[in-house]
Amino acid sequence: MKVYANPKQIKFLRSRARRKTFNAGRGSGKTTTLGFKVGMIFDRFPRSKWGLVGLTIWW
């Protein structure tokens, strides 16, 4: 599978940190990047436990 990513997405996907943050603006590919990462986790660690947390701000 070939994935096309911008430099910020590549930096996030290559990071070996245990906890990661992907802070980006509108249209930067946050959903695509996180979806790809979740797919990688499902494939590589089928019995793992993990969480995805997001903060919503209402103005």
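**View 1. Helix 2 gives the largest pocket the largest share of its lining, 7 residues.** Helices here are DSSP runs of H or I with at least four residues, strands are runs of E with at least two, and both are numbered from the N terminus. The model is predicted, so local features need pLDDT of at least 70 and side-chain atom pairs count only at pLDDT 80 or more, while totals for chains, interfaces and linings use all residues. Residue numbers start from 1 along each chain as its sequence is written, and side-chain values use heavy atoms, leaving out hydrogens and water.

**View 2. The largest pocket holds about 970 Å³ of space.** A pocket is an open set of points on a 1 Å grid over the protein atoms alone, where a 1.4 Å probe fits and protein lies on both sides within 12 Å along at least five of seven lines; lining residues have an atom within 4 Å of a point. The volume is the space filled by probe spheres set on the points, which are joined across faces, edges and corners. Of the 25 lining residues, Phe12, Arg18, Lys20, Lys37 and Ile41 are the closest to the pocket's centre. By type, the lining divides into 12 nonpolar, 5 polar and 8 charged residues (nonpolar: Ala, Val, Leu, Ile, Met, Phe, Trp, Tyr, Cys and Pro; charged: Asp, Glu, Lys and Arg; polar: the others, Gly among them).

**View 3. Helix 1, residues 7-14, has Gln9, Phe12 and Leu13 buried.** Buried means under 20% relative accessible area, exposed over 50%, and partly exposed in between, with a 1.4 Å probe and protein chains only. Seen down the axis of helix 1, the buried residues fall within an arc of 95°, so they line one face of the helix; the arc is that of the directions from the helix axis to the C-beta atoms. These buried residues pack against helix 2, with contact meaning heavy atoms within 4.5 Å. On the face turned away from the buried side, look for the exposed residues Pro7, Lys11 and Arg14.

**View 4. Asp43 sits in helix 2, residues 30-44.** Asp43 counts as exposed because its relative accessibility is 68%. Its C-alpha atom is separated by 20 Å from that of Ala5, 38 residues apart along the chain.

**View 5. The protein chain as a whole comes to 2 helices and 0 strands.** Its C-alpha atoms fill a box of roughly 40 × 25 × 20 Å, taken along the principal axes. Of the chain's 59 residues, 20% are buried.
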